[in-house]
Amino acid sequence: MVRTLRWVSPVIVLGLFAAALFALHRELHHYRPQEIREALDSLPRSRLLLALGFTVLSYFVLTGYDWLGLKYAARKLAYGRVALASFLAYVFSYNIGFSILGGSAVRYRLYSAWGLLGMDMARVIVFTTVTFWLGMGTVLGGLFVSGINLGSIGLSIGVERGLGALLLLGVLAYLVGAFRVRRPLRVREMEWSFPRPILALGQLGLATVDLLMAGLVLFVLFPGDDVSFPTFLGIYLTALAAGLVSHVPGGLGVFEATLLLLLPTAVPHPQLIAMLVAFRVVYYLIPFLGGLVLIGGHTALRQRRHLVGVGNLVSKGIALVTPRVLTFAAFFSGIVLLVSGATPASGIRLAWLGRLLPVGMLELSHFLASLCGVGLLFLARGLQLRLNVAWAATLCALIAGAVFSLVKGLDYEEATLLLLAAGGLAASHRYFHRQSSLWDQRFSPGWLVAIGAVLVGTVWIGFFAYKHVEYSSELWWQFEVSGNAPRFLRASVGVALVVMVVGLTRLFRAARHPTPLPQAEDLEAAMQIAGEAPVTGANLVALGDKALLFSESRRSFLMYGTSGRCWVAMGDPVGEEGESEELVWAFREQCEAAGAWTVFYEVAASRLSLYVDLGMSLFKLGEEARVDLRTFTLEGGRRKGLRRTRSKLEADGCRFLVWEPAEVAARLPELQAVSDAWLKDKQSREKGFSLGSFSPGYVVRFPAGVVLLHDRPVAFATLWPGGQWEELSVDLMRYRADAPPATMEYLFIQLILQAKEQGYHWFNLGMAPFSGIEHHPLAPLWNRLGALLYRHGEHFYNFQGLRQYKEKFDPVWEPKYLACRGGLILPRVLTDVGALVSGGISGMIRK
């Protein structure tokens, strides 16, 4: 059911795109493509320059969205960084508009590189979205209420004014809330805080100016004089809203069809199409090329050792978004080649080439250019996955496409674009280092629908361009310099064959099977790597209840379990830092090959970029308590209670010892008795996966801190030593019901002092699940689930009181996250993870 739902939204988007093409076809069926080209050539250069000027002003105003958003989130960044993030984010949002490569992901990568937390970035993203719609409500509402003649949208003046009043009332309500409401508004688990009045007014002003600037870009290109600017602006905003609601990337087709249908003008449609094409180039394509030049130039410059100062302020952020930019550049280059192959070449250029080259070379170049185009659509997916083979193949396709563009029609414009993309790609080889097969990669529904939309659009453009050509079977065999239509038909068949070959190759590829639990030699190899890792959670591999995925060098691994539809990786990859990215991508590929959902459980905030690159959503699971041993002491008034606990327990006859693994093995029955008594008293049973369990083969691998009362163990905690003396962590903690009060607190005190004496930097007290989760409207479903699990998790996992114990030691709280696909699968993911930890669904409803 969920797999089917994944296709619903992309298929609807594809249907809307097809409907828009049908509407455009109906509006333009009386006109010939030559008329559109002539209209484009007749556009005054002065108007193009004026449109470009308004574009610059519009993108400058857009930087204010992020600047105000950071004010709202109470975070400070230099304006240069804010402007860079805003420009690149809007370039992606306007040109792409779908999540796998969109603007929100670009913002996340840049802002996280500059130190912003996940919730801060979410606030900025929501704030900028609200700002845009406030502007839409203000401008459209004002136009409707003022009685401007917008009858072409099919509404009466009365209905328009009523709708305008509703829009303005919504804006007014927002402003009243900003001025009057000081407390956060809460609806069940959702919470929203209005911005300060000055920020709310800034939102309104910026959004209004931005929409006016964008409207002026299109208006100065309008060739008629029979539509006033207010009327034109109202129709432009209506078309813009239609494109946004459709979720078609960039609103392509939907925006154009809506504007053509609503604009009350006597201007012929070819001139209007020319206006819209020029608008797309000026407001969308040129800024994107500017972003590509910015990133390509910076990538080349950072190879120079003397790049210091201001350049390094943005270096990390640009490096993080470079692969996304190049992915879109490859996809867009494929579109350019396909559209070029579907439209007539310049007659003058063809005639000149016809005198220099044989017809066969023109024909072959046209055919191969189209094949390069469709190949780039598929290769872009490989670039998104950071595959080295995709990088090499894309580079070859771009260079070959540029050569074929020159030979088939002397199309130096598209050749320049392709070579620009190739140059950026060549300078960024280090980002595409994954050694994996291109044929083994899966395409998400969004990718397949995007490719399908491009192919459908290309075919439509081709048939529109040659609708005046009468079809006959002889067309397929016409080889001549001016034979544009036959070349389009042959290229279309070639493209179809490539798509069919790719589809059949994927259909008949061999299925891969889940990895079984590790053999003894693999477990020992993983234990050796975990013993050298500074992060102690890697020692969970000793449970032997998780499958292992090793890197090619076998110096790193990732451990995971399967439950229901989910394959759940426990923690971050362990081992060599440089191999982590390859491991998470390889794990995702295994999951997709098995038709499973990829989940990463309890990952660190410092590694979130790995999972963002996979297109995953993040959910805060709770916080981990780590005591800084370099500053910890029992001295001072704040530690009076801890000193009292230590003195009292020792006066009562308690002793603390650390048993090394050999002694743990020798006295295992005594510890087993403590563990059994604890489980019986708590009416609980052993857990697993992310929690240690008292299994002899596991416990004897580690030292244990033990509290003895009259030489009888009454409490113990198994210990995970981290590599490089970075961290010592507690794992399994058990105590008898008849142990003196505060025995566990005494045990923690002694363990912390022992770790400090041994030279460890940190003492890890473990997780406080679902603590520290903010109530916020940005992700209400996730917050509600987190709050629910936090309230009732004690019944499932015996977490009651853990945070209170840990707070006594003034730890540093570090967040832990779950990474998975967002949407409707989240409840199922959390259920499967809970079942994995508890040993099945039955374990979740029992202690």
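**Exercise 1.** Decide whether helix 14 and helix 15 run roughly parallel or roughly antiparallel to each other.

*Solution.* The model is predicted, so local features need pLDDT of at least 70 and side-chain atom pairs count only at pLDDT 80 or more, while totals for chains, interfaces and linings use all residues. Residues are numbered from 1 along each chain as its sequence is written, and side-chain values use heavy atoms, with hydrogens and water left out.

Step 1: locate helix 14 at residues 359-384 and helix 15 at residues 388-409; helices (H or I, at least four residues) and strands (E, at least two) are DSSP runs numbered from the N terminus.

Step 2: the two axes come within 8 Å and cross at roughly 150°, where axes are lines fitted to C-alpha atoms, for helices over the stretch in contact, and angles run from 0 to 180 degrees between N-to-C directions.

Step 3: angles under 35 degrees count as roughly parallel, over 145 as roughly antiparallel, 65 to 115 as roughly perpendicular and the rest as oblique, and helix 14 and helix 15 are therefore roughly antiparallel.

Step 4: helix 14 passes helix 15 in a left-handed crossing, which is the name used if the near helix is turned anticlockwise from the far one by less than a right angle, with right-handed used if clockwise.

**Exercise 2.** Which handedness does the crossing of helix 7 and helix 8 have?

*Solution.* Step 1: helix 7 (residues 157-180) packs against helix 8 (residues 197-219) at an angle of about 155°, with the axes 8 Å apart, and these helices are therefore roughly antiparallel.

Step 1: the crossing of helix 7 past helix 8 is right-handed.

Step 2: the residues that meet include Val171, Tyr174 and Phe179 from helix 7, with Pro197, Leu201 and Leu204 from helix 8.

**Exercise 3.** Describe how strand 11 is joined to strand 10 and to strand 12.

*Solution.* Step 1: strand 10 (residues 704-709) pairs with strand 11 in the antiparallel sense over 6 bridges, and two strands pair if DSSP finds at least two bridges between them. Leu709 stands opposite Arg712 of strand 11, and in this hairpin, with 2 residues between the strands, His710 takes a positive phi near 55°.

Step 1: on pairing with strand 12 (residues 727-735), strand 11 again forms an antiparallel arrangement over 6 bridges, in which Trp720 has Ser729 of strand 12 as its bridge partner. Here the hairpin has 5 residues between the strands, and Gln724 takes a positive phi near 60°.

Step 2: strand 11 (residues 712-721) is mostly covered, with 8 of its 10 residues buried; buried means under 20% relative accessible area, exposed over 50% and partly exposed in between (1.4 Å probe, protein chains only).

**Exercise 4.** Is Lys687 buried or exposed?

*Solution.* Step 1: Lys687 lies in the loop between helix 24 (668-682) and helix 25 (696-699).

Step 1: its relative accessibility is 11%, which means that Lys687 counts as buried.

Step 2: Lys687 and Leu836 are 149 residues apart in sequence, yet 8.8 Å apart in space, C-alpha to C-alpha.

**Exercise 5.** How many residues of helix 10 are buried, and what percentage of the protein chain is buried?

*Solution.* Step 1: helix 10 (residues 254-262) has 8 buried residues out of 9, including Phe255, Glu256 and Leu260.

Step 1: in the protein chain of 847 residues, 53% are buried.

Technical notes
Contact = heavy atoms within 4.5 Å.
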